[in-house]
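Colleague: Could you take a close look at one part of this model for me, the place where the two chains meet, and then tell me what lies around it? Please give the cut-off behind each term as you go.

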Amino acid sequence: MAALARLQARLSGLREEYFRRNRSIDEDRKIEYKAAVKIQSWFRGCRVRAYLRFLTKMVIFIQKWWRGYRSRRYFRKMVETAYFIMKMNFYNEMAVRIQKRWRGYYVRKYIHNYYALKKYLEAISVNNEIVRNELQEYAEMKENEEKRKDLEKKEKEKNYQARKMHYLLSTEQIAGIYNSPFRKSPDPMELLLRKSKPLSHRRQQMKSPFTYELCDWPTCKRPPTFSTSQQLPPIGRQKPQGPFRDTAEVLRQRYKPLEPTLRVAASINSPREKARAEMKREEWGNCIHDNEFLPFSSYHKHEKYDPSIHRSGKYGQETYGIKHFREVQPKKWVADKDFQTVLPSIVLFEKFGKTYSRTGQIV
Amino acid sequence: NSGVISLLRPLLLDVVPTIQQTAALALGRLANYNDDLAEAVVKGDILPQLVCSLSEQNRFYKKAAAFVLRAVGKHSPQLAQAIVQCGALEMLVICLEDFDPGVKEAASWAIGYIARHNSELSQAVVDAGAVPLLVLCIQEPEIALKRIAASTLSDISKHSPELAQTVVDAGAIAHLAQMILNPDAKLKRQVLSALSQIAKHSVDLAELVVAAEIFPVVLICLKDSDEYVKKNGATLIREIAKHTPELSQLIVNAGGVAAVIDCIGSCRGTVRLPGIMVLGYVAAHSENLSMAVIVSKGIPPLCTCLIEEHEDHIKAAAAWALGQVGRHTPEHARAVAVANVLPTLLAMYMDTRSSEDLQMKATLKNILQKCTYLPALEPLLHDAPPNILKHIVGQFSKVLPHDSKARRLFVTTGGLKKVQEIKAESGSLLQEYINTINNCYPEEIVR
């Protein structure tokens, strides 16, 4: 009961205490509320910050990783490119070396071939020499020809003049102008005059210079030599009287050497012989064997006839249709004879080969 | 004189044929003498009468009438035009078909003189159908007729490529080529001239001429005793050589260069000119051909031509040819320089009388720009004018830095002294060259 008494004692102040406590609590409530809010907000902030930190760390981690990956890729590309460029440079350099050699070779061999050029120039010199020599020869030949023509013309002129001036020839009594007695031998013109036939259209019995050269006319034994160098005529020459032909001409005719034509000169058989000889030589050369060529009939006398395949096989030519028109098999015959035909055989065919004569049967 | 012509005109219509012929002959000789008389003949209306009566007359009249036409037509193009206008060409072509070779000769001579003047008249001749008949005339046996026909073809084809093509289409080249070896000198002249007139127009025509196998036959003509045959032969070779390097190569391979060089050596005067030009054209195409000319000993004759000849155009041609030979490489320039021809060229260049200094200048420049043969350049240092001097000094400045023996020689022969004496504006090319030369030597010597 004491407790109750105590409680009742306190009861009076309870309302105030209750009110006082509530009041103080209410007054502190705001402060406490604010403090609580502060604490909570700070704590929440810490938490969030911690979370943010965490996130940041994660993000950094991811970004770091990602960036590293990108850079490594980039780096790899760079390395590959650099490697590629290095290789290409190397190849280019090697290609340059090859091209350098090849171009040098090609140009030196085909475009500016020094040795070929040298040989060509030497060949040109040689060719030029040849051409020059030939042209020189040709020019010389032409010159010679011209000179010869000139000479011939002059000769002809001189001969013509000599023939015209034949009267200037020296006679027995009077030496001509070209045949002065004080000279050792006559002038060439004198000789020319002697040689030439007088130029006139009338027939004249001019003394031909050959008269002086002969020995005595009736006792001339050996034929005179018609030499061109003529001595002075001997002064006491007696020429034969009378209308004889002059001796030189006669002797020329008499002792004229034989000039047979080609046909006469060659032997009678000569062309044929020559041709035959040619042919014989050719045949002798062309012979492959020495068996003489025999005519047909004797050639095949001893040869055995070897039949063609068509005939020689067992399926060769059938006699049916040629020898008989019915099949016969003698092996099957009972007797030696064939059966008799029921029908008569065809008469026409019996007469085959027997109609006129038996000559055809030889064939 | 005009009185005579009006007197002769009625005689042309006389009954007696001898009078007609003699009258025509007289008119022809009058017209032949002078071109005033020829004009008077034309004005006196003679030509139509001649032309009309030509067709029914005998061959003497035809010959005389053709002679008149030739005499009138040879003086000037206007007179020839007058002849063409009165229809004489058809008559002349009919005369070309006559049997008598004298008539043919007179007719083709007249046609030749007409066609010679200009290309319109040649075209008129071709249009009248003369070319195939002329080609037939060439094949005739008479030499005089062949000569005249060849000269007529040459006159026709010289004006233009189309006319030359017409002549070629008529098959003239083969016949002309066959006649090159004919012994008659005048015929050879005309034949070679005809072929060269054909070949000169274009590469195709030249190749056609070459395809007729004229080489090496033409080279024999270069050794002929007649001067003009040699000249025309060289002209033919020149017209062929000038077109392409391949044709020049053909000529070189056939030994043509040697023959031409011998020909130059044996002739004097204008006859040499085509031969010189052959060498120039051949050497101009390429350096191998130029070397072939040098190897065939072409430079000494050219030098002698340069020195001996008096005419300006021949000297100019020789200088041009030397320039073409020497301009390709230092080797070629050296070959030219060794022949000691540069001082001559320089003297000719500086000679104020000469008119061809352009040629000399170009030659000297071409040779000097490639010449590295210093002993030949030294004498030129002393008398050259400034524009040539710059090339000479330039060459020295190219060679001296690399060759010590040459440097020594340069000093001992007094060349360095001469170079110092040259005054040049600073900054000009000459000054640079001089500086290069001076840099090759130590300072004391330069002072």
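Modeller: Across the interface of chain B and chain A, the rule finds two salt bridges, a salt bridge being a side-chain nitrogen of Lys or Arg within 4 Å of a carboxyl oxygen of Asp or Glu. In one of them the side chains of Asp224(B) and Lys142(A) meet, at 3.8 Å from N to O. On the side of chain B that touches chain A, the elements that give two or more residues are α16 (217-221), α18 (245-253), α19 (256-266) and α21 (287-295) of chain B, where helices are DSSP runs (H or I, at least four residues; strands are E, at least two) numbered from the N terminus.

Before going on, please keep in mind that this is a predicted model, in which local features need pLDDT of at least 70 and side-chain atom pairs count only at pLDDT 80 or more, while totals for chains, interfaces and linings use all residues. Residues are numbered from 1 along each chain as its sequence is written, chains are lettered from A and ligands numbered from 1 in the order in which they are written, and side-chain values use heavy atoms, with hydrogens and water left out.

The rule also finds six residue pairs in polar contact across this interface, both residues being at pLDDT 80 or more; a polar contact is a pair of N or O atoms within 3.5 Å, where within protein one must be able to donate a hydrogen and the other to accept it, and residues adjacent in sequence count only if both atoms are side-chain atoms. Counted by contact (heavy atoms within 4.5 Å), 21 residues of chain B touch 16 residues of chain A. The area buried between the two chains is about 1600 Å², with carbon and sulfur atoms giving 55% of it; buried area is the accessible area (1.4 Å probe) that two parts lose on being put together, summed over both. Of the area that chain B buries against chain A, Ile220(B), Lys223(B) and Val295(B) supply 29%, more than any other three residues.

Elsewhere in chain B, Ala284(B) is in helix α20 (residues 273-285). Ala284(B) is partly exposed because its relative accessible area is 22%, and the classes are buried under 20%, exposed over 50% and partly exposed in between (1.4 Å probe, protein chains only). Leaving aside neighbours within four places in sequence, Ala284(B) is in contact with Gln324(B), Arg327(B) and His328(B).

In chain A, the buried residues of helix α3 (residues 188-195) include Met189(A) and Leu192(A), and the buried residues of α3(A) pack against α2 (114-164) of chain A.
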